Amino acid sequence: MTEVTGTANDAVAEGSKSQQAYAAVTARIVDGTYPPGHRLVLAAIAQDLGVSVVPVREAIRRLEAEGLVTFQRNVGATVAGIDPTEYLYTMQTLSLVEGAATALSAPFIGAGDVARARSVNEEMRACLEHFDPVRFTRLNQDFHAILFEHCPNPHILDLVHRGWNRLASLRSSTFRFVPGRARDSVAEHEALLRLIEEGADADTVERAARSHRSATLDAYLAHAQDSRA
């Protein structure tokens, strides 16, 4: 009986270490510590995190399944990059799932949540004066997280978080490419908050959230097309 309990505890501990490794590696990919093309050496990561190679390997497999990591023969696991087509598809998907998450969350967003979101948006507005695209993008994610955090559908939330993670390395520079879009984004945030405050119906909130996300995609694609011309 004692043996079974010990085995179960070991399994739980191993699962916790795997989650710890997954969270740590994901964070480093998202913040650019591990840039696209960076080789992920399992032994080095394991030593850094103070765990064995086993949970790190499990974490890398999970990240590979999510598209954040690729595996190449004779090279091993590396951080995946995002090509323009992948960016297009991921942003289109994110506009759908984030719009749905925001609409489902809207009835549960209270005055305190709106105040928090508006405070973040004011920080974004102040950031426009001496524009820092990396900080602006981080604040942008904080703003949207407040609006969809009450979404009652965990599957939609999971898709939203995967989309944000998938775009992380490129999103850090998106507003650098289209800085004019940042000012429009702040204005659209305020309009979205007003809709929520006024109790707009779910379809209206979802359309506004989707249109906001699509406008960023359109601005980026227009910039890419001009760059190729």
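Student: What is the handedness of the crossing in which α5 passes α8?

Tutor: In this predicted model, local features need pLDDT of at least 70, side-chain atom pairs count only at pLDDT 80 or more, and totals for chains, interfaces and linings use all residues. Residues are numbered from 1 along each chain as its sequence is written, and side-chain values use heavy atoms, with hydrogens and water left out. A crossing is called left-handed if the near helix is turned anticlockwise from the far one by less than a right angle, and right-handed if clockwise. For α5 and α8 the crossing is left-handed.

Student: What is the relative direction of α5 and α8?

Tutor: The axes, lines fitted to C-alpha atoms over the stretch in contact, are compared by angles that run from 0 to 180 degrees between N-to-C directions. Helix α8 (residues 179-197) packs on α5 at about 170°, with the axes 10 Å apart. Angles over 145 degrees count as roughly antiparallel, so α5 and α8 are roughly antiparallel.

Student: Which residues of α8 are met by α5?

Tutor: Contact means heavy atoms within 4.5 Å. On the α5 side, the residues are Val114, Ala117, Arg118, Asn121, Met124 and Arg125. Their partners in α8 are Val186, His189, Glu190, Leu193, Arg194 and Glu197.

Student: At what angle do the axes of α5 and α6 cross?

Tutor: Helix α5 spans residues 111-127 and helix α6 residues 133-148. Contacts between them involve, among others, Ala117, Asn121 and Met124 of α5 and Phe136, Phe143 and Ile146 of α6. Their crossing is left-handed. The axes come within 9 Å and cross at roughly 165°.

Student: How many disulfides does a search of the whole structure find?

Tutor: A disulfide is a pair of cysteine sulfur atoms within 2.5 Å. Buried means under 20% relative accessible area, exposed over 50%, and partly exposed in between, with a 1.4 Å probe and protein chains only. Cys127 is buried at 5%, and Cys151 is buried at 6%. The number of disulfides found in the whole structure is zero.

Student: Is His212 buried or exposed?

Tutor: His212 belongs to helix α9 (residues 202-228). Not counting residues up to four places away in sequence, His212 touches His144, Arg181, Ser185, Glu188 and His189. Because the relative accessible area of His212 is 5%, this residue counts as buried.

Student: What is the phi of Asn74?

Tutor: Asn74 is in the loop between β1 (69-72) and β2 (76-79). This residue is exposed, with a relative accessible area of 81%. Most residues other than glycine have a negative phi. The phi of Asn74 is positive, near 65°.

Student: How far apart in space are Asn165 and Gly67, C-alpha to C-alpha?

Tutor: Asn165 is found in helix α7 (residues 154-177). Leaving aside neighbours within four places in sequence, Asn165 is in contact with Thr26, Val30 and Leu68. Asn165 and Gly67 are 98 residues apart in sequence, and their C-alpha distance is 9.6 Å.

Student: In what order do the elements of the protein run from the N terminus on?

Tutor: Helices (H or I, at least four residues) and strands (E, at least two) are DSSP runs, numbered from the N terminus. There are nine helices and two strands. Their order is α-α-α-β-β-α-α-α-α-α-α.

Definitions and conventions:
Parallel < 35°, antiparallel > 145°, perpendicular 65-115°, else oblique.
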